[in-house]
Amino acid sequence: MKWIKWIIGIPLLLILVAFLHYTLPGRDVVRIVGTDVKRMDIGASSLFWAAPDAGTNKNWTRDVRFINTVWPNGKPRVYRNEDTDWGWPPYFKFDSSNITAQAQDLAKKSDDVWIAVTHYGWRVELFTIFPNAISIEVVSGPDVFLVPWFNILFVVVLVALAYLIIKTVNAFKKRRIDPVVDGIDDFMDDVGDSAEQARASAHRRASEATSGFRRWLKRWFG
């Protein structure tokens, strides 16, 4: 049974980790080099796109804002800039246009301006998937260390809840389920013992009857 638990548990754990990695906020220290607006046909990867600006028509073909940045090593990093509206994940972002204006202003400044982009999601070039920028703020430099306090607190609370749920389920199992299972086992044992006793009694009676018949034959026929 243990290997069944591992086969079921490991994929579920990997799915949970991937879900949290995609949904929880991350922060990248980058330099903004420009912004862009592209006409996008949202198709098979629609699950990884958010929504148009709040109050606009929700079309699959729409203009999407992008923020173009580079890592400290010079490699590009592109973010989409979409409202999350009231949907999932619950960031309640309604200020995409403001973030674009802020990014355009920062792109015009000195090349020494470094930005911490708070975002969620992944960058998958094969499927044209971009992380969604939630907010941007100026930081002291490319080497600044940002502690993910929210993620740490969220994971701690999640682990604590999982521990409490497991303890509660185990306690319920011991109080309610185990006695019933033990009662069923005892009943089956009693049934088995009764059946065994019945078989032994029948065998004994058959043996007695056979012995009596043999004695009768011996008395009459020698």
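**Note on the predicted structure**

1. From the N terminus on, the elements of the protein follow the order α-β-β-β-α-β-β-α, and they amount to 3 helices and 5 strands.

2. Among contacts between residues at least 6 apart in sequence, 66% join residues at least 24 apart.

3. On the surface there is a nonpolar patch with about 960 Å² of accessible area together, formed by Leu13, Leu16, Val17, Phe19, Trp88, Phe150, Phe154, Val155, Leu158 and Val159. Helix H1 (2-23) and helix H3 (149-221) each supply at least two of the patch residues, and the largest share, 5 residues, comes from H3.

4. Trp88, which is one of the patch residues, is located in the loop between strand S3 (76-81) and H2. Its relative accessibility is 59%, so Trp88 counts as exposed, the cut-off for that term being over 50%.

5. Ser96 belongs to helix H2, which covers residues 96-107. Because its relative accessible area is 0%, Ser96 is buried, a term that applies under 20%. The side chain of Ser96 also makes a polar contact, at 2.5 Å, with the side chain of Asp83.

Conventions. Residues are numbered from 1 along each chain as its sequence is written. This is a predicted model: local features need pLDDT of at least 70, side-chain atom pairs count only at pLDDT 80 or more; totals for chains, interfaces and linings use all residues. Side-chain values use heavy atoms; hydrogens and water are left out. Helices (H or I, at least four residues) and strands (E, at least two) are DSSP runs, numbered from the N terminus. Buried means under 20% relative accessible area, exposed over 50%, partly exposed in between (1.4 Å probe, protein chains only). A polar contact is a pair of N or O atoms within 3.5 Å; within protein, one must be able to donate a hydrogen and the other to accept it, and residues adjacent in sequence count only if both atoms are side-chain atoms. Contact means heavy atoms within 4.5 Å. Patches are made of residues with over 30% relative accessible area and no salt bridge: like charges are joined within 9 Å, nonpolar side chains (Val, Leu, Ile, Met, Phe, Trp, Tyr) within 5 Å. Accessible areas come from the Shrake-Rupley method with a 1.4 Å probe; for residues, only the protein chains shown count as cover. A salt bridge is a side-chain nitrogen of Lys or Arg within 4 Å of a carboxyl oxygen of Asp or Glu.
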